[in-house]
Amino acid sequence: MALCSHSSLKDLCLPSSSKTIPYNNIISHSRLTRRIRMSSGGGQLATYEEGKLERPSWTGETPLSRLVGALISFKPLFSVLKLGARQVLISTAEKTNIPWRGMTREILESDVYKEMDTIQNASVEYPDYYLNPFHAYDEGNLSWLAAAEAEAATMSMVRRAIPDASSLDEANQIVRGNWLQAIEQHHQQYSGNSQIRDILDVGCSVGVSTRYLADRFPSAKVTGLDLSPYFLAVAQFKEKKSFPRKNPVSWVHANGESTCLPSQSFDLVSVAYVLHECPKRAIINLVKEAFRLLRPGGTIALTDNSPKSKILQELSPVLFTLMKSTEPFLDEYYLTDLEGTMREAGFVNVLTSLTDPRHRTVTATVPY
């Protein structure tokens, strides 16, 4: 998920505080919800449980966060933590019937490498933060191994979000279904009769979120944009092998902070599981660029870790230390006032919804 990439772990809102506004028909999972009730329109309203804090105690400038930071900065220990985090990801995935090693091998032994020539934009300049190690990969998102493992990691993230789901499909129905429902309902409510004709998926990774958007909005022209040509090569390779679409997905190798795409050319800009991998300055630039790219009445949708998630606030010390060892900008993400950043960029109707026990979706509109 990065800036253009993937992640392996995620109200009427006021600038200083927020409360969750559930959306009609959001899919619920009874064992994980605090409250389920029927709306007047017959659909379900699901509210997932929030923690007692504004953000996890292991983030920011708290004593616990500083202690974890000191441990991670010790290089010999960091190497052990990085290896441990990777082993936990793979073993957790395979215990839930996600064939991580098999999926990776299938990509690495394929003809995916041929896609690089048509994907890579040689003029792209990588920002300094993007060259950091991510997700236990020394090359970060700029490697074939990271690209080959990205989809399995995404599947594992979904299973962790809904641990009681009977299958990956059921977990996706909740995680992806609620995210898409939040987008669709926001656009319907605040964009009048404006049709979603053009969609940009920023930080599309290997195209998992992009394909969900294309399936949900089949009449739209969908573009997946990422800063990793390796991820995009896998995305294009997998899309070519899938059932042909009426509107084929386009893939763009560019920086989501400055895409060079035409202004006011999209009705929906989605950024899924990307922001927690970015420093604050990049988050601000991403939001500003999305505002430039959207037409009046257009919708932005940001989905990522929720600072108010009860589950994330109560992670065990081992798990949050492992997670922070592979996510160098996690503290900056949790300390960023995302809703305030969106308002400062010019967005209105900023709403935050906890769309699964771990993740929030923040939607907003470009004013007419």
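The legends below describe close-up views of a predicted model. Residues are numbered from 1 along each chain as its sequence is written, and side-chain values use heavy atoms, with hydrogens and water left out. Because the model is predicted, local features need pLDDT of at least 70 and side-chain atom pairs count only at pLDDT 80 or more, whereas totals for chains, interfaces and linings use all residues.

**View 1. The whole protein.** The protein has 13 helices and 9 strands, taken as DSSP runs numbered from the N terminus (helices: H or I, at least four residues; strands: E, at least two). Of its 368 residues, 59% count as buried, where buried means under 20% relative accessible area, exposed over 50% and partly exposed in between (1.4 Å probe, protein chains only). The accessible surface comes to about 15,400 Å², of which 53% belongs to carbon and sulfur atoms; accessible areas come from the Shrake-Rupley method with a 1.4 Å probe, and for residues only the protein chains shown count as cover.

**View 2. The packing of helix 5 with helix 6.** Helix 5 (residues 144-161) and helix 6 (residues 168-190) pack at an angle of about 80°, with their axes 9 Å apart; the axes are lines fitted to C-alpha atoms over the stretch in contact, and angles run from 0 to 180 degrees between N-to-C directions. The two helices are therefore roughly perpendicular to each other, since angles under 35 degrees count as roughly parallel, over 145 as roughly antiparallel, 65 to 115 as roughly perpendicular and the rest as oblique. Residues of helix 5 that meet helix 6 include Met 155, Val 158 and Arg 159, and their counterparts in helix 6 include Leu 168, Asn 172 and Arg 176, with contact meaning heavy atoms within 4.5 Å.

**View 3. The surroundings of Ile 283.** Ile 283 is found in helix 9 (residues 280-293) and is buried, with a relative accessible area of 1%. Leaving aside neighbours within four places in sequence, Ile 283 is in contact with Leu 275, Cys 278, Tyr 333, Thr 336 and Leu 338. The C-alpha atoms of Ile 283 and Thr 341, which are 58 residues apart along the chain, are separated by 8.5 Å. Cys 278, one of the contacts of Ile 283, is itself buried at a relative accessible area of 0%.

**View 4. Two loop residues with positive phi.** Ser 205, in the loop between strand 3 (198-202) and helix 7 (208-216), has a phi near 55°, a positive value in a residue other than glycine, and counts as buried at 5% relative accessibility. Gln 264, in the loop between strand 5 (250-253) and strand 6 (266-272), has a positive phi near 50°.
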